[in-house]
Amino acid sequence: MAFPERTRAQPRLEESTNIYDDGELLRSLNKLSISTSPITSNTTPTTSRLSRSPNSNAHSNSTPTRLSSVSPGARAPSRSPVNRSNSNGFASQSRSATPALRSKASMNSLHSSSGITPNRALSRRSSSTNLLSPSASKSPLNGPTQIMEEFNEKPAPTAASVASGYMQKELELLHEDSTDHQSETVVVLHDACYGHRFSRPRPTKGTLNSIVERPERIQASVLGVSMAYVRLGERHCDGRYPIHPQLDPTSLPNVPFRICKTNRTLALNSTAVTNVHGTQWMDELKMMCDSAESNLSLKKNEVRRPDINRGSNASPPRELHDGDLYLCSESLNAFEGALGAVCDAVDRVFNSSPYKRAFVAVRPPGHHCSASHPSGFCWVNNVHVGIMHGFLNHGLTHAAIIDFDLHHGDGSQAIAWAHNQRGHASFKNAPAWKKTSIGYFSVHDINSYPCEMGDEDKVRNASVCVDNAHGQSIWNVHLQEWKSDVEFWRLYQSKYSMLLEKARCYLRTQTDRFRAAGQAPKAAIFLSAGFDASEWESAGMQRHKVNVPTEFYARITRDVVKLASEEGLGVEGRVISVLEGGYSDRALYSGVLSHLSGLAGNESLSPKEETSSGLGYEMSNRIGSLSRRNTLTENEMKLKTPGFPYDPTWWSASELDQLDAAMMMPCLEQPKKPRNFIPGNYSSPTQASSLRAVDPTKVRRSVSGFAASISRPPTPPPPDVPWTVAAHELSKLLIPQDRQINSYKYEELNAEATKARRERQSLLAQSNAGGSAGDEAVPAPAAAPTRMSLRERKPIRPTGQVDSEDSKTRRRTVGGSTVATEKVRLSSLSLSLSLSLYIYIYIYIYKIYRTGI
């Protein structure tokens, strides 16, 4: 802005400047008005064009011209508005009639080398844009400091970030069906199993603590799967393939096992399920699942069997125990997802694929569920549905169930007994699946559930031993106490391994029977893998002081794999393991680690040194080597997949303590560096700031070699990734992050009670509205207010929507986006008014100046 005092100090203007009359000046200034539209910020700023010098060559207006100095004796052009360019960006026609103005020496560094001077200052919008543009941060004025800051922006890698990034690549490249890295073992997971959770409103803390079957069990099992993958595959700093950011997963020779996440479901009314549980019970269960949410909101018992017509001769159904059974809105998805995962594993093992063994980590468990009565957290018998799926779709002729859960699988034994009894009495024209056979072999604690109360029938059933008689093959072994490792392995050799011998006898007998009948035998071994007998299980489960060392799961699994590989049994190596019990986190992840070590690996070949005297040497001579480091002969090793030895010290207390410490360690994030940001302003640029503007493309060309001359700080080597970090990061990749994966807490269930009351009102209103067409709907009576009740809140309206009635009596409230738009509009209007006032004041002063001169 040219003030009168500074203008009077300059020489008198030529008379030719009087061609600008007052009206023309007003029209020129009116073109500077700013639009009040709120969307002006989205307009792309245009590059200001340079005026042409009379003595310079013609240049394109779109080509930027570099600025340089001119003669020292040049004078600065007048700041009078008469000599400024017009709104089109070109100099006025009167400029050619006046002599060229010369700049002062102080402006030498602000002009271009070609003598071209910017014809006008950059617009207010373009000047503020230049201040905020990314090219401004790359100015050479910043020097090496700015370039060093760009180098330091990337945070240093941590062991967790390196492990997470590599494991993500390995899962994507090596665990797809199209990969060339094949394995004989597959682990199947299903995310729907997290949805089944205890949801009754307002439970007591004692009731909530008694629900040990919870979604966190799958998280602990996934952690065990991750531990087994990292340990067997040696994906850690002390292994054969240490994790590194540059490590290519496709360069690794093999994987210990494949990890598969499936979305497959099996409906409760499918043939494989109804052949095991019957159509009527599955229809009832589906009705109970569908009405579970409404029953919970009405504070009714969600596990109460529905009142339906069961026939005139049907006896009343047995009541379900609500202490260990519960339902919620997601229970049906969890049941059908678990069944779908088991059937997916059966298909992978029986189809023409390299898989021979599978582990299915799903919940809820199933071995306590009989044909028509669930119990012990079990709603559907997953293992028997998987066997029936094999009968119907893969030509399976006989199957052996080996159950090593702490509790007797009374439901699995009852279903197997009924199936064999029906098959033994079937006719020749009966369906093929009814002529099949199922053997059940269990090792369990006779004093625990379901025999804890001493029920005569349950104790008798848990002690049945029938060896291929009347079409039945049932064998039960009871766990016993032990004082030392040597004593336990003596029990294993003399008593527990008898279970495998009975299973071998059953498989061979059935194979010979089907061959004699002219039918090709096709068998499989199913494991009911429960880990609640682990030495790391909680004290509540171990109240009878009967448990097993963690290595037991690796040893019995390895012996089962050896059994499945024997000739003459019709199994041909097929083993499908399904998760059953296990309720402590450490019992689960250590048990799954040990179980998968026996399922996918072979034992370490470096035996522990033993002296030639003592009890250990004597027992090794009698019943074989009892060393925990080597319990298989060299011939038995050949039956296993080579290359994945396991070490029993992996699940020792010290190693598991390291894992717990690594998981409890908080994630240390590097502090974010504050950004050097200079906010823009809205003042008019001066002539000096306009002349100082440099084309960013030419700046980049002029300093192209500047950054190369600066040495980059040395990059620190990537950190070592221990097995604890690698296993933890892999488990986080396998556990879903887009859904709820934990149980409800005590506080959340109390909050759910309030929500249930609101849902009750809506349900009652809907039921009244759904009456006869001729009857007018009667509003539901309001519930009596309670001390803990909350007030009803009105539903949230869409942004900008206002009720006509509310607008008459209440002040209008608008959404956040409307407020932002209104603020922009008011700000633009205020700026326009200020600029207009400024212009008219300027005109007024200029008129006074002209009349005064």
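The model is predicted, so local features need pLDDT of at least 70 and side-chain atom pairs count only at pLDDT 80 or more, while totals for chains, interfaces and linings use all residues. Residues are numbered from 1 along each chain as its sequence is written, and side-chain values use heavy atoms, with hydrogens and water left out.

**The whole protein**

- Out of 853 residues, 43% count as buried (buried means under 20% relative accessible area, exposed over 50%, and partly exposed in between, using a 1.4 Å probe and protein chains only).
- Take the contacts (heavy atoms within 4.5 Å) between residues at least 6 apart in sequence: 81% of them join residues at least 24 apart.

**Helix α7 with helix α18**

- Two packed helices are described by the angle between their axes and the distance between the axes.
- The axes of α7 (residues 216-233) and α18 (residues 585-600) come within 8 Å and cross at roughly 40° (axes are lines fitted to C-alpha atoms, for helices over the stretch in contact, and angles run from 0 to 180 degrees between N-to-C directions).
- That makes α7 oblique to α18 (under 35 degrees counts as roughly parallel, over 145 as roughly antiparallel, 65 to 115 as roughly perpendicular, and the rest as oblique).
- The crossing of α7 and α18 is right-handed, where right-handed means the near helix is turned clockwise from the far one by less than a right angle, and left-handed means anticlockwise.
- On the α7 side, the residues in contact include Glu216, Arg217 and Leu223, and on the α18 side they include Asp585, Leu588 and Tyr589.
- This contact of α7 with α18 brings together 12 nonpolar, three polar and three charged residues (Ala, Val, Leu, Ile, Met, Phe, Trp, Tyr, Cys and Pro count as nonpolar, Asp, Glu, Lys and Arg as charged, and the others, Gly among them, as polar).

**Helix α7 with helix α24**

- Helix α7 also packs with α24 (residues 723-734), at an angle of about 130° and with the axes 8 Å apart.
- So α7 is oblique to α24, and their crossing is right-handed.
- Among the residues making this contact are Val222, Met227 and Tyr229 of α7, plus Trp723, His728 and Leu734 of α24.
- The contact of α7 with α24 splits into 10 nonpolar, three polar and one charged.

**Helix α17 with helix α18**

- Helix α17 (residues 551-564) packs with α18 at about 25°, with their axes 7 Å apart.
- These two are therefore roughly parallel to each other, and α17 passes α18 in a right-handed crossing.
- Residues that meet here include Tyr553 and Arg558 in α17, and His595 and Leu599 in α18.
- The contact of α17 with α18 has four nonpolar, five polar and two charged residues.

**A glycine in a loop**

- Gly409 sits in the loop between β4 (398-403) and α13 (410-424), and is buried at 0% relative accessible area.
- Gly366 is 43 residues away from Gly409 along the chain, yet their C-alpha atoms are separated by 8.5 Å.
- Leaving out residues up to four places away in sequence, Gly409 touches His367, Asp403 and Tyr440.

**Cysteines**

- The structure has zero disulfides (a disulfide is a pair of cysteine sulfur atoms within 2.5 Å).
- Cys237 is partly exposed, with a relative accessible area of 29%, whereas Cys260 is buried at 13%.

How values were computed. Helices (H or I, at least four residues) and strands (E, at least two) are DSSP runs, numbered from the N terminus.
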